[in-house]
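Please look at the sequence and the model below before reading on. The text then goes from the overall fold to the core, the domains and the ligand.

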Amino acid sequence: MTERLGGSVQRLAAGAPLPDWVARLDRTAFGSAWKAPANHEALWLMPELAFARWTRIPAAGEAELLRIAVDPAHRGHSLGRTLLEACQRDLEAEGITRLYLEVRVSNAAAIRLYGACGWQRRGLRPAYYPDGEDAALFHHTKS
Ligand SMILES: CC(C)(COP(=O)(O)OP(=O)(O)OC[C@H]1O[C@@H](n2cnc3c(N)ncnc32)[C@H](O)[C@@H]1OP(=O)(O)O)[C@@H](O)C(=O)NCCC(=O)NCCS
């Protein structure tokens with residue numbers, strides 16, 4: 001129920017059930033597991049290792065990165081970068097060229113990853129998270 005996209009990155013087919021390992025990694029990384037993607041969402045996978053979930057607005061050429069996670073035992077080996085760059089290429093191929101995300105200002109690993117993948121910090125959302133932490137706003141635009 002996935003489409004192969006080259007390398008080890010796959011895209012979950014529309015309507016496919018969420019693999020159990022994605023729910024497990026979601027809980028490990030974020031403390032909660034989201035359900036299978038809705039119609040406007042898309043999920044890219046590196047099986048058993050990493051996932052990235054996006055919400056897409058194709059008519060506006062925009063997408064937001066909602067969650068990206070790598071299995072804790074495999075972090076720091078460029079999987080996050082490989083996955084995020086594959087997502088960016090696929091979205092651009094669909095004509096979705098304006099990407100954005102919010103991230104906790106304390107999340108140094110994610111902020112480094114986004115910088116490495118060409119994202120730029122564009123602002124701050126004060127007290128964005130329920131615990132009061134600020135979010136940094138990042139944009140990525142295909143030139
Ligand atoms: C953020 C996350 C996805 C990064 O995945 P990863 O596979 O470890 O990242 P990569 O190995 O591809 O590294 C990408 C860049 O981030 C840097 N990086 C990775 N881990 C880091 C850390 N703990 N501290 C600082 N920088 C780090 C790498 O050095 C690399 O930068 P460089 O190319 O300039 O050297 C991973 O840490 C994770 O799953 N975190 C928990 C979930 C999360 O916070 N997601 C983001 C918010 S949705």
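**From fold to ligand**

The secondary structure of the protein consists of three helices and eight strands. Here helices (H or I, at least four residues) and strands (E, at least two) are DSSP runs, numbered from the N terminus. Starting at the N terminus, the order of the elements is β-β-α-β-β-β-α-β-α-β-β. This is a predicted model, in which local features need pLDDT of at least 70 and side-chain atom pairs count only at pLDDT 80 or more, while totals for chains, interfaces and linings use all residues. Residues are numbered from 1 along each chain as its sequence is written.

The C-alpha trace of the protein spans about 40 × 35 × 30 Å along its principal axes. Two residues are in contact if their C-beta atoms, placed from the backbone, lie within 7 Å. Among contacts between residues at least 6 apart in sequence, 51% join residues at least 24 apart.

Next comes the interior. A residue is buried if 20 or more other C-beta atoms lie within 10 Å of its own, exposed if 12 or fewer, and partly exposed in between, with C-beta atoms placed from the backbone. Buried residues are 26% of the 143 residues in the protein. In soluble globular proteins, nonpolar side chains tend to be buried together. A nonpolar core is a set of buried Ala, Val, Leu, Ile, Met, Phe, Trp, Tyr and Cys residues joined through C-beta atoms within 7 Å. The largest nonpolar core has 33 residues, of which Trp44, Leu45, Ala50, Phe51, Ala52, Leu83 and Cys87 touch the most other members. Elements giving two or more residues to this core include α1 (20–30), β3 (41–46) and β4 (50–57).

Alanine 52 is in strand β4. Is alanine 52 buried or exposed? With 23 other C-beta atoms within 10 Å, alanine 52 is buried. Leaving out residues up to four places away in sequence, alanine 52 touches Trp44, Leu65, Ile68, Leu83, Leu84 and Cys87. Glutamate 48, in contrast, is found in the loop between β3 and β4. Glutamate 48 is exposed, with 12 other C-beta atoms within 10 Å. Its phi is positive, about 70°, although glutamate 48 is not a glycine.

The domain assignment gives domain 1 (1–79) and domain 2 (97–143); such bounds come from an automatic or database domain assignment. Their contact takes five residues from domain 1 and five residues from domain 2. The C-alpha centres of domain 1 and domain 2 lie 18 Å apart.

Where does the shell around the ligand lie? Both domain 1 and domain 2 give residues to this shell, so it lies between them. A residue is near a molecule or strand if its C-beta atom, placed from the backbone, lies within 6 Å of it. There are 20 residues around the ligand, and Arg75, Gly80, Arg81, Ala109 and Ala110 come nearest. α3 gives the most to the shell, with six residues. By class, the shell has eleven nonpolar, five polar and four charged residues. Ala, Val, Leu, Ile, Met, Phe, Trp, Tyr, Cys and Pro count as nonpolar, Asp, Glu, Lys and Arg as charged, and the others, Gly among them, as polar.
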